[in-house]
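Dear colleague,

Please find below the structure that I am handing over to you. My notes on what was found in it follow directly after it.

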Amino acid sequence: IFESRFESGNLRRAVKVGENEYNLILKYDHNTTTYTQWFYFRVTNVKKGVKVKFNMLNMIKPKSLYNEGMKVLNYSEVQQEIAEKEEDKGWQRGGEDMSYYQNNYRREHQTNYQRCYYTFTFTHTF
């Protein structure tokens, strides 16, 4: 179950494209009409140990630090409960098989010439 109806949540649509794979479309960044580069959403109702692949299809920047080794920032309520009262132990960097690349989807720029979208893909084991 995907959810982003909370402050700063920006997932517009999630489409299942495989057994454990989802294509995601993000809302434009706040106060812009054509920019998407960050993401914030919740996933629940997943079995422990399941590896899920996420493909964010409408990123804008031509380069990303994810290709340089940066990891996704995840929050786990379970990890926070295990750590009990330690602050922010639910937040951890993670993700596997990360890749950021130009895809075949085109977008019109304000000057009417074509530009491409980029895809950020990664897997996460719950």
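In which strand is the place of Asp-97? Asp-97 has its place in strand S8; helices (H or I, at least four residues) and strands (E, at least two) are DSSP runs, numbered from the N terminus. Please note that this is a predicted model, in which local features need pLDDT of at least 70 and side-chain atom pairs count only at pLDDT 80 or more, whereas totals for chains, interfaces and linings use all residues. Residues are numbered from 1 along each chain as its sequence is written, and side-chain values use heavy atoms, with hydrogens and water left out.

Overall architecture

Taken along the principal axes, the C-alpha atoms fill a box of roughly 55 × 30 × 30 Å. Of the 126 residues in the chain, 34% are buried; buried means under 20% relative accessible area, exposed over 50%, and partly exposed in between (1.4 Å probe, protein chains only). The accessible surface comes to about 8,900 Å², and carbon and sulfur atoms account for 46% of that surface. These areas come from the Shrake-Rupley method with a 1.4 Å probe, and for residues only the protein chains shown count as cover. Among contacts (heavy atoms within 4.5 Å) between residues at least 6 apart in sequence, 56% join residues at least 24 apart.

Strands S2 and S3

Strand S2 (residues 11-18) and S3 run antiparallel and are joined by six bridges; two strands pair if DSSP finds at least two bridges between them. A hairpin of two residues connects S2 to S3. Within this pairing, Ala-14 stands opposite Leu-24 in S3.

Leaving aside neighbours within four places in sequence, Met-56 is in contact with Leu-24, Leu-26, Phe-39, Tyr-118, Thr-119, Phe-120 and Phe-122. In soluble globular proteins, nonpolar side chains tend to be buried together.

A nonpolar patch on the surface

Which residues form a nonpolar patch on the surface? They are Trp-38, Tyr-40, Leu-73, Tyr-75 and Trp-91, with about 480 Å² of accessible area together. Patches are made of residues with over 30% relative accessible area and no salt bridge, where like charges are joined within 9 Å and nonpolar side chains (Val, Leu, Ile, Met, Phe, Trp, Tyr) within 5 Å. Tyr-40 lies in the loop between strand S3 (21-26) and strand S4 (42-43), and Tyr-40 counts as partly exposed because its relative accessibility is 34%.

Salt bridges

The whole structure holds two salt bridges, each being a side-chain nitrogen of Lys or Arg within 4 Å of a carboxyl oxygen of Asp or Glu. In one, the side chains of Arg-5 and Glu-3 meet at 2.9 Å, N to O; Arg-5 is exposed, with a relative accessible area of 73%. In another, the side chains of Glu-96 and Lys-51 meet at 3.1 Å, N to O. This pair links distant parts of the chain, with Glu-96 in strand S8 and Lys-51 in strand S5, 45 residues apart. Glu-96 is partly exposed at 37% relative accessible area, and Lys-51 is partly exposed at 38%.

Further points

Lys-47 lies in the loop between S4 and S5 and is exposed, with a relative accessible area of 65%. Lys-47 and Thr-125 are 78 residues apart in sequence, and their C-alpha atoms are 9.6 Å apart in space.

Most residues other than glycine have a negative phi. Asp-97, however, has a positive phi, near 50°, and counts as exposed at 55% relative accessibility. Ser-8 likewise has a positive phi, near 75°. Ser-8 is placed in the loop between strand S1 (2-3) and S2 and is partly exposed, with a relative accessible area of 42%.

With kind regards
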